[in-house]
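Open the structure in your viewer and keep the selection tool at hand. This tour goes stop by stop.

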Amino acid sequence: MYQPSGTSVPSASLGPEETIPWSPGQAAELFRPGSRHLLDSGEWATATTLPAGVLHLPTGRLVAADPSWLMSWERSGIAPFTATVPPGSYPLTLALVERPEDKRVAAARLTIHDQPVAAWEMALRPGQDPGTLRDGEAFTVGVDVATIALFDTVALEAMARRTEEDPDSYYVDQADRPVELHDRASGANLIAFNTGWGDGGYPVWIGRTTTGAVACFIIDMAMLAPPPTPTSSSPS
């Protein structure tokens, strides 16, 4: 059974989070099944991947949010990312890290184009300016129920009503069992999944192809130990 951990964070987590060395390329490596990774807890874990369904984006405008905040989405600052993709249906994959005692979702990837990533950038909401961030800071998705939901903005109000009427509808009880909800009116759906160690703030990265097209979105659960800092040897 997945046991959420960590501390609750306020809605301010939609802004800059704690200063840590974010590495989208490192998070992308989690999607190599069988790869070994050093967690920030000091433990080594093996990564596996899990198909988490197909996300339908009728407008191509992606929202990532804590589903428990949807009923107050305007006050919580929930909005789609400024980067858009062609309307369509896209596969969602979870990267799980396995330890002897449990499994955790270390990252989630929504694949738009199955092409190599040439460059990474931070996913932004309207009004967010990466120029205001200090080194190591990132705009993040705030979470206080150990769950993130992805869906198209066209379904925002419908999903807000759904989660208000039935707060258990988005409940995810295990890392390898994401939950899917549907909005028949718009054709959109919502896919919810657990978040790493539990509550916190998690950045979303956009991988772009050599032509500048969006290849993928990756939600990084910040479970990995920082990559080693390169050192330069002094001339003898």
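The stops below run from the whole chain to single residues.

**Before you start**

This is a predicted model, where local features need pLDDT of at least 70, side-chain atom pairs count only at pLDDT 80 or more, and totals for chains, interfaces and linings use all residues. Residues are numbered from 1 along each chain as its sequence is written, and side-chain values use heavy atoms, with hydrogens and water left out.

**Stop 1: the whole protein**

Show the cartoon. The protein has 3 helices and 12 strands. Both are DSSP runs numbered from the N terminus: helices are H or I with at least four residues, strands are E with at least two.

Now show the surface. Its accessible area is about 11,000 Å², by the Shrake-Rupley method with a 1.4 Å probe; for residues, only the protein chains shown count as cover. Carbon and sulfur atoms hold 50% of that area.

How many of the 236 residues count as buried? The share is 51%. Buried means under 20% relative accessible area, exposed means over 50%, and partly exposed lies in between (1.4 Å probe, protein chains only).

Next, contacts, meaning heavy atoms within 4.5 Å. Take those between residues at least 6 apart in sequence: 75% of them join residues at least 24 apart.

**Stop 2: a salt-bridge network**

Select E43, R99, E101, D102 and R104. Salt bridges link these residues in a network. A salt bridge here is a side-chain nitrogen of Lys or Arg within 4 Å of a carboxyl oxygen of Asp or Glu. Side chains of opposite charge can pair when their charged atoms come close.

Zoom in on R99 and E101. Their side chains form a salt bridge, 3.2 Å from N to O. R99 is buried because its relative accessibility is 14%. E101 is partly exposed, at 49%.

Move to D102 and R104. Their closest N and O atoms are 2.9 Å apart, in another salt bridge. D102 is buried, with a relative accessible area of 14%. R104 is buried too, at 7%.

**Stop 3: R32 and E29**

Select this pair next. The side chains of R32 and E29 form a salt bridge of 2.6 Å, N to O. R32 is partly exposed at 46% relative accessibility. E29 is also partly exposed, at 35%. Under the rule used here, the salt-bridge count comes to 8.

**Stop 4: a negative patch**

Select E164, E165, D166 and D168. Together they form a negative surface patch. Patch members have over 30% relative accessible area and no salt bridge; like charges are joined within 9 Å, and nonpolar side chains (Val, Leu, Ile, Met, Phe, Trp, Tyr) within 5 Å. Lys and Arg count as positive, Asp and Glu as negative; His and the chain ends are not counted. Each charge is placed at NZ of Lys, CZ of Arg, CG of Asp or CD of Glu.

Pick E165. It is in helix α3, residues 156-165. E165 counts as exposed because its relative accessible area is 67%.

**Stop 5: two alanines with positive phi**

Most residues other than glycine have a negative phi. Select A146. Its phi is positive, about 55°. A146 is in the loop between β7 (140-143) and β8 (147-152). Is A146 buried or exposed? A146 is buried, with a relative accessible area of 0%.

Finish at A222. Its phi is also positive, near 55°. A222 lies in the segment after β12 (214-220). At 23% relative accessibility, A222 is partly exposed.
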